[in-house]
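Hello,

Here is the structure I promised to pass on.

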Amino acid sequence: MEVLPAHLEALPVVDTDEAQRQFGMDTDILFKLVQHFLKSSAVVIEDMTICLREGDYTALARDAHKIKGSALYVAAKQLSACGAALEKHAKAAEQENRSLDRTDLERADQLIAQVQTAFERVKQFNFSSEV
């Protein structure tokens, strides 16, 4: 699995204290939300690669925003931060309305890989024993 930049590695995969504050001791609700999050996020993350390949930075920014917000809802801090970085990059490229050069594409591809890595970590996180 890819190593994330140090500022992202420093974040918890899942902030268990925050998850407990948000959902209390109702682990059934948390488990159901996490399962839905994992299923829906997998589709969004897959779509990101398609958006990049098609050069659709508007859709890429929208997908990154979805990941950022939904990850935050289940206290997945690394993933939310990765989504935020990708959203910022995609919006900047979109707002400049310029043709994307190789550097832009490589950076977007790198950010998508970071989202995928953080997502895999959330998938491997044991919510039932950690929260």
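**What I found**

Arg121 is buried, because its relative accessible area is 16% (buried means under 20%, exposed over 50% and partly exposed in between, with a 1.4 Å probe and protein chains only). Before I go on, two notes on the basis: this is a predicted model, in which local features need pLDDT of at least 70 and side-chain atom pairs count only at pLDDT 80 or more, while totals for chains, interfaces and linings use all residues. Residues are numbered from 1 along each chain as its sequence is written, and side-chain values use heavy atoms, with hydrogens and water left out.

Arg121 sits in helix α6 (helices are DSSP runs of H or I with at least four residues, numbered from the N terminus). Its side chain is joined to that of Glu9 by a polar contact of 2.9 Å (a pair of N or O atoms within 3.5 Å; within protein, one must be able to donate a hydrogen and the other to accept it, and residues adjacent in sequence count only if both atoms are side-chain atoms).

**α5 and its partner α6**

How do α5 and α6 run relative to each other, and at what angle do they pack? The angle is about 165 degrees, with the axes 8 Å apart (axes are lines fitted to C-alpha atoms, for helices over the stretch in contact, and angles run from 0 to 180 degrees between N-to-C directions). The two helices are therefore roughly antiparallel (over 145 degrees; under 35 counts as roughly parallel, 65 to 115 as roughly perpendicular and the rest as oblique). Their crossing is left-handed, that is, the near helix is turned anticlockwise from the far one by less than a right angle. Among the α5 residues that meet α6 are Leu79, Cys82 and Leu86, and the α6 side includes Leu111, Val115 and Arg121 (contact means heavy atoms within 4.5 Å).

α5 has 20 residues and reaches 29 Å from its first C-alpha to its last, close to the 28 Å expected (1.5 Å times one less than the number of residues). Its buried residues, including Gly83, His89 and Ala93, pack against α1, α2, α3, α4 and α6.

Leu86 is worth a click. It lies in α5 and counts as buried because its relative accessibility is 0%. Leaving aside neighbours within four places in sequence, Leu86 touches Met48, Leu60, Ala64, Ala108, Leu111, Ile112 and Val115. With Leu111, the separation is 25 residues in sequence and 5.6 Å in space, C-alpha to C-alpha.

α4 packs on α6 at an angle of about 25 degrees, with the axes 12 Å apart. That makes the pair roughly parallel. The contact is made by Tyr57, Leu60 and Ile67 of α4 with Asp104, Leu105, Ala108, Ile112 and Val115 of α6. The crossing of α4 and α6 is left-handed.

At the N-terminal end, Asp56 caps α4, with a side-chain oxygen 3.3 Å from the backbone nitrogen of Thr58. The buried residues of α4, among them Ala61, Asp63 and Ala71, have covers that include α3, α5 and α6.

One backbone detail to check on your screen: Ala75 has a positive phi of about 65 degrees although it is not a glycine. Ala75 is in the loop between α4 and α5 and, at 0% relative accessibility, counts as buried.

Best wishes
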